[in-house]
Structures are given as C-alpha cells and as structure tokens.
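Please read it beside the model.

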Amino acid sequence: GVSCFLQTACQCLPGCDFGSSLPERALLLVLVLVFLQGSVLPLGAASSPDVSHQDKTDNHKVEAQGHNYTKKAFPVLSIDYHYIQTPFEISLWVLLASLMKLGFHLIPRLSSIVPESCLLIVVGLLVGGLIKLAGEQVPPVMNTRLFFLCLLPPIILDAGYFLPIRPFMENLGTILMFAVVGTLWNAFFIGGLLYAVCQIQPDNPSSLHQIELLPCLLFGSIISAVDPVAVLAVFEEIHINELLHILVFGESLLNDAVTVVLYHLFEEYSGIGTVSVLDGFLGVISFLVVALGGVLVGAIYGILAAFTSRFTSHTRVIEPLFVFVYSYMAYLSAEMFHLSGIMALIACGAVMRPYVEANISHKSHTTIKYFLKMWSSVSETLIFIFLGVATVDGPHNWNWTFVTVTVILCLVARVIGVVGLTYVINKFRIVKLTTKDQFIVAYGGLRGAIAFSLGFLLDPAHFAMREMFLTAIITVIFFTVFVQGMTIKPLVELLAVKKKQEAKRSINEEIHTQFLDHLLTGIEDICGHYGHHHWKDKLNRFNKKYVKKCLIAGERSKEPQLIAFYHKMEMKQAIELVESGGGVKLPAAMPSTVSMQNIQPKKPPPALPPERALPQLSKGREEEIRKILRSNLQRTRQRLRSYNRHTLVADPYEDGLNDFLIKKQKIIELEKKITEMNNYLTVPSAPPDSPTITRARLASDPQAYSVKPTSDSVPTIQVDLASPQSPDSVNLMDEFRNARQPEQDEDRGLMMKPPSEAKGPKRPEDAEGAKDQQRLMRCLSDPGPSADEDEDEPFLP
Amino acid sequence: MGVSVAYSHVVGVWRSFFPTVSLEQIINLHKRFKQLSGNEDTISRENLDSIPALATNPIRKQIIEAFFDKRNQRQDEVGSFHEIGFEQFLMVMSHFRPPTLKTTEEEREVMRREKLRFLFNMHDTDSDGTITLDEYRKVVEELLSKSGAIGLEAAKAIADAAMLEVASTNVPHMEPDEFYEGITFEHFEQILKGLEMESRMHIRFLDVNTTTMHCGK
C-alpha cells in the first residue's frame, strides 16, 4: 500500500525538472516521514517481543481449546505478523536505507556539501529518535554478529575485488608500516596516556580511578584502528590521487590483523590484570599467524574459485555465485579460526580476479560488478543508519574528561604517528611523501562502525566501564565522520592536493607501461641488482608459465596482457557502438579527421589509376561516423578504470549483441579460407572501418593494387543486417569461440571477414566496415536498406 | 670497502655525469662495470649480451642498444659506439635517477623530458627524429615476442591503433591527403603525459648485493 505509492512517487520524480519540483520534493519528504512512522512502529513493536508473543500463544492455546467447544466463523482475513516478522523487518530496514540514499541524491546541493555518511547517521538518529518517541524499545540493530557476518563482508569484498593491485603492491611497504606500526603506536599511546589521565584525576574518588591499565589499552586498541568503511565513504567523494587513496585505504584494510590481535590479547588478560613478556611475545606470533593465516585462507579460496570458474563455460548463469560464495566462505573460515577475516577477503578477491575475469562471460562480469556495488552500497548505508540508531539507544555514560581526552589523544596520536613514520619511510621510498601527503594521510584516519562493534562486543560483566567506552567511541566516530569528513573536501581544494587523473587509459600508455616494466627489469639486471622489478618479472613469468595454464580455460591462458587489454578496449567499443548506433548525434569532444591513411607511408603504387584511391563516401557521413566513435570512445575509456561505486556507469551490454555475434561468427567461419589478413583499427579517432582505411590497406598491401577482373575489383559489401558491424565484435567472437575453435585463438588482431557472398574474395575486407557502420546506424533506426542497394554501390569506382 | 686512492681522483669526474648519486653507489656501479667488462676499461655489446638474466627480456636488444646510442650521451651526436667506457655507462644510468623531495617543479619537467627522450631514442632506431609506423610496429612486436604464440597481426593492429591515437590526439584535423610522417618528440611527450615518467622510470641504486656479483655475469 504505502510502499507501492511511494515507489510510484519516487519513479515519477526523476523525470521532473528540479526547478519546478519543490512541491514534489516536499511531497516526497512528507511521504518518507509518514513511511518512517509507519515502519518504525512495527519495528519498535516487534522488538518488545515477549509480552505480545506470549499473549498470542496464549490466545492460540485458548483458541485451540475453545475450538473443541465452540465453532467460530471461518476467518476470511487475518493478520499473522509474527509469521513474517524477521524478514519483514530486515526488508523494511533495507528499503529505508535505499530510500534515504535516493532522497539524498534528489536534493542537489546537500550531497555536495555533506558527505553521505553524515547524512545517513543523522537519519539513523532520527529513526532512533522516532522509535523512542513512539515509546517503543529501539531494536538492537548494532548486533555484533549481524555487523561482522552480514554487513561488513560485502563492503570488504567489493574493495578487495576491485583493489588496484599495481599501486597497492608498489606501496605495500609503506602501507604495512602505517597499518602495523601506526596502529600499534596509536593503541599504546592513547591507552597509556588515558590511563595516566585517569589516574591523575584530581577529584574525589572519580569513577575514572577504577579503570585499570589493561582496559585502557584495550580501549586504545579499539579506537586506534582506521576504519575502511568510513574511509571509503568519505574518500570516494573527494577524488584524491591514487597514491594517497591507496595509502589510507590500504592501511584501513591491513590494520585489521593488528586490531584483532590486540583486542583479543587485552581482552583475555584484562580480567587477570597483567600481561607478561611471554604473552607479549605470543601476541607477536599471534599477529603473524593472524595476518598471514588470513591471507593464506583467502588465497586458497581464491584459487579454488579461479579453478572452478575454468569449467563454467556451459553454466554461465551461476558464475557470479561462485565468486560470492567462495569469498564469503573465505571470510567465514578465517573468522572461525580467529584469523583476520578482512585480509582473507581481500586476498581472495585479489587473487581470483585476474583468472576469473579471463574465464567468465561478459554478462557475468557485469553481474558481479553490479551485485558487489549494490550490496556494498546497501551495507554501508545500513551501517551508518544503525550507528545513528544505536547512538540513540545508548546506554550512555558521559564523562567529560574521558571523552574529550580521548578525542584529543586520537588526533594527536594520529598526527605524531604519521609524521614519525613518514620520516622513517621516506628513507626507503623513492617517491617521497610530501608534507601535504602526510597531512591528508593523518586527516584521513577516520574511525567508524568497526570500532563501535568491537566496543559493543565487550562483556559488561568484565568491563564495568563499557558504557563509558561506548560513549567515547561514538563521540570519536561522530567527530571524525562529521568534522573530518565534512572538512576534508574543502581542505583538499585549499591545499591543492593532486586529484585523481581522469584515467583515459590509452593504448599508448599501456604499451609503454609494459615497455617500461621490461626496461627497468633489464636495467636492474645490467646493474646486477635484484630489485623489485626483477622479482615482479619473475613472478609474472611464473604466473604465465604455470598458474595461468591451470586456472584459465582454453586459449585465453596464453594471451599476453597487452593483447587482453586491447581486446577489452575493442569489446567496450563494440558495445558502445551497438548501443549508440542509432545515429544519435553526440557532441564530439575531440573531433578528429585523422585516419589510417594519414599514417601509412604512401607508396605510390605502380600503374595505379588515380580514381582507385578514393572510395565513394560522402565527407559528411564520414564525419558523422568519426564523431560518434570519438565521443563513444571517450566515455568508454573512463569506464575502464572504474572500481569505485560512485563512478559505476550503466553498462549497455544488450542481449541483442549475443545474437549478432553468433551470426557474425557464422560469417567468419565461412571466411576462414580467405587468407589475406587485414587489420582493423578500432581506436580513437577515425572510424577504423571508414573507407579511408582501405586506402591505407591498399597502400601497404601491394597485391591489393593489382588490377583485378571486374568481378573482383568491386569489393561489394554484403552486409548481414543482423550482424553487429563493428570490427571489434570480431574479436569478441574470437574470445567466445575460444573453446570451440582452438586453432582460431591465435590473435589475429581484428579480423573482419566479409560475408561469403562477397564477390571480391581478395578485397580488403575492412571495406565492409565502413558500410557496416552506416548500416548499423541506419538499421537501428529504420528497417534498413536491402542488401541489393549496397551491391550497387561499388566500393571503388 | 673504503674509497681507494685509485678512485678518488676520478670519482669527482664521474659524479658530474650522475650528480645525485652517492659515492658508495658510484663505486658499486664501477665494480659492476668491471665485472661486466671482464676487468677491461670498456664494455661491448657482447659483454651485455652475455648477462643471463637478460635472456628472458623481450626488449633485450633495444636495451643493450640504448647503452651504445650516442644520443643518450647528452652531447647532440648521433650514431652509436662500438664500446663504451664507464663515463658513458654512468651517463646512461643517470637517466634512471629518481626525483628527490627537493626537486623543484621545473627540474621535474626537465627530468621527465629527459626520460621520455631516452624512451624515444629507443624507439627511433634510424635516428631521424620521428617514430615511423614501421618502427612502432617493431616495438610492439618485440614486446609481444616472448609472449608466445601470438601472431604478428596482433602486434601490427595494436601498433597501428596506437599510432592512430597519437596522430589524432596531436593533429586532430588532417585532410585525407595529408600525411602523418611519424611521431615526433613533442607528440610523444604529449601522449605519455599522463604516465608521469619522472616518478616511474627509475631504479633503486642501492648498494649492489655482493653475492649477485659473484654468481654469473
């Protein structure tokens, strides 16, 4: 009822023009509030379970008894809320979170000033407040098990699966230093100083005097860890450069091991009151076990997932499931042994990704991406809302001294830690961290829900001051998320910190990245110095030689990275082309009239009649083609690097493409006999399939110039209207057909073979492309010309 | 090992070729040089060829050639040496120094240009100042050469696409009958702007591990 209404209301809103939508927006807000009220009541009511439940069972008993004696009317309509209670509440919360997210983005200016996490916490506060006002008991939403087993894994998996491996590995030393040494420093500094402050309380026996050293240290270890959820939420909106992002983010991920060990260590011994040196030593060993064990567990599951994905070519629909289930099991297995679940999840995602992506279909890839983003988005939203709700819930024990000292100490410890560590790290780094970098790293150390959950986990029996701890933790979280979260964006602007480059990864950059890798490895070998390039090269070769063969199906295992990259680009272009091939005129960012014929050295062909060089294609049409390609490619490139849910762009992969490709495959099979290989250039500016390309072909392939008998001289284009006339799709076909046609796997670049009826078998097939291009555009917008029409247009006059 | 008398009077000269390097590193490089050259004063292409670790490198020939390329000696000469001495060796190595905290923005620009120039020289094998399509094709072919059974066609396609990209980025408007001769250094710089060469193209000149000096040249 209400929800349907809301949904329709929400659906019609995006179509409205903002300028005139004030009444609609107000309506939406009112509806949301009404919805909230309507939903919190059952949520609240549901959490005062026992009384009503008891009543119901009593009623049932009475009814059962009564049934024997008196017959009552058959109930036409009855309500049994209890039956669906739990799933209903969960769905309600998820719906609430999603609607909130929707709402924020409809209010334009708000989302640019205030980070989403703050708004969500406020919403949580509101909801909690509403529930309390309604007189109900706030549901214990920040249930630690719920948090660690359901809410956290999707976020971490999303982060791990899309982790940019290269910058992560390059900065691994720095990240580990910050994560391990930095967190240790924070924990001991805060814990120790807090204890000192508590002891020197001048008041009469203040409650603070009772706090022992170990609980303080425990508190320190809980509050010192930088939280990945909060960091992700804030950093994704500020778009700083990759180095800083990976430093803070990597630190937040890897400090989990330290936190786990410290937490368990201090919690164990808080009751006893002392920690001996042996325990400390065991703690260090435990740390290594936790960290490395977690990574190992994750890696094992990752390899299993990769291996499984090798065989999924016949059951494509469940491919994403393997990724999710194996990762979740890695997390649970690690948690079972008290290893670091976060590191297991990261390791699993990072290990399985290159192999899984080589094996799965494009649709599965899209599915995985979308599901991960969706789940992590919802999770994050829920976490922040629950933080708000749990804050209202309390119980709180506000102690001015404790809380303010905690907040100040957190900041001070962080700054000192970062500065000190950077001083040491810079001795070993080649690209040093500047003061600006240090500031951002220090300022970006946000605390979040993990700290709260760990605090919540404390046993009230052992820790009398648990409430005070929780209050302090919440205050620190609020402070970091609100104050630091809101001010970091203007500070980044103010300090002119380098922003993330809009990575339009071009083929040149890819070539040169690889080239550079080999060059630096070679120079290191000449110097006789086994640096990290050397080892990276060794690892790559090992990977190529053994691992890829096991884990990647079919012939993709031999595909070198450059070719894989190139294919990926082509595929994206093909999809783009199909999607927008309706002839829509898009503004071209960089219209370019350069085409292949401008590149190839012009070898004046012997005895070549002048007209032969120029195909008949109107300039206007060419321009149109180029503009579309160019603008499409711009968008494509930006997509290639997106691993952040805010940059996720709608993937236009259509169902129709598959059919096109199958048809195309048939054409190709027919054309296998044609030996002449011609290439297609798909990339940047010119439509590779423009007729101008054939000029280039002609220039470089002497035999193409020879005067052919009339039937051959006209490379008529037999276009199969149903086929995707993009040259890129050819490669797509190659990939899909790999298992079936192993002999085809040899990467022939872009092979575009004309349909079998082509009269000119020796003609450069790419001529087809140009016409295909127009074909495609036309056929998507109108039924398309018949094949005959094209036959009449000679390619060469 | 301390700085022996034999070194001290030339180290100053050597450091002029490679300013930011430390004394220890120069001495280590010199030791390595002696090892490679078989205690001679110059090394030839054969000396570098015989390094076993280089055998698996797909662009081995270009790397070795770069050491003997006169253009990398910052003296505006062209051609190549038959043998190089330690100064030339150092000069080539100096292209791989990293920027420091004190490097100013202008110095970074200069460094970037220098490193890009080094790469450009590696591609431009006929020293005519442009990378033609054939030369670029050769580069990509070499890159893919050790990667197994991939046909030349793929390399050609990739090189063509890359060349097209350079042309279209730098000279967006070309008439159909105009001709793009090859990638000039300015265009090369432009297309690789995003890679930030000065932070990427460097190696760590740590003290050479003595064990690597003993096990095989």
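Buried means under 20% relative accessible area, exposed means over 50%, and partly exposed lies in between, with a 1.4 Å probe and protein chains only. The model is predicted: local features need pLDDT of at least 70, side-chain atom pairs count only at pLDDT 80 or more, and totals for chains, interfaces and linings use all residues. Residues are numbered from 1 along each chain as its sequence is written, chains are lettered from A and ligands numbered from 1 in the order in which they are written, and side-chain values use heavy atoms, without hydrogens and water.

**Arg353(A)**
- Arg353(A) sits in helix α15 (residues 341–359) of chain A; helices are DSSP runs (H or I, at least four residues), numbered from the N terminus.
- Its relative accessible area is 23%, so Arg353(A) is partly exposed.
- Arg353(A) is in contact (heavy atoms within 4.5 Å) with Tyr161(A), Phe162(A) and Leu163(A), leaving aside neighbours within four places in sequence.
- Arg353(A) and Phe162(A) are 191 residues apart in sequence, yet 8.3 Å apart in space, C-alpha to C-alpha.

**Helix α10 of chain A**
- α10(A) has 12 residues and reaches 16 Å from first to last C-alpha, close to the 16 Å expected at 1.5 Å a residue. The expected span is 1.5 Å times one less than the number of residues.
- 11 of the 12 residues of α10(A) are buried, so the rest of the structure largely encloses this helix.
- The buried residues include Leu214(A), Cys216(A), Gly220(A) and Ser224(A).
- Their cover includes α9 (172–199), α12 (242–270), α17 (400–425), α19 (449–457) and α20 of chain A.

**Packing of α10(A) on α20(A)**
- Helix α10 (residues 213–224) and helix α20 (residues 466–494) of chain A pack at about 25°, with axes 11 Å apart. Axes are lines fitted to C-alpha atoms over the stretch in contact, and angles run from 0 to 180 degrees between N-to-C directions.
- The two helices, α10(A) and α20(A), are therefore roughly parallel (angles under 35 degrees).
- From α10(A), Pro215(A), Phe219(A), Ile222(A) and Ile223(A) make the contact; from α20(A), Phe469(A), Ala472(A), Ile473(A) and Val476(A) do.

**Gln484(A)**
- Gln484(A) is also found in helix α20 of chain A.
- Gln484(A) counts as buried, at 3% relative accessibility.
- Residues touched by Gln484(A) include Leu411(A), Tyr443(A), Leu446(A) and Phe479(A), not counting residues up to four places away in sequence.

**Helix α8 of chain B**
- 16 of the 19 residues of α8(B) are buried, so it is largely enclosed by the rest of the structure.

Notes. Angles under 35 degrees count as roughly parallel, over 145 as roughly antiparallel, 65 to 115 as roughly perpendicular and the rest as oblique.
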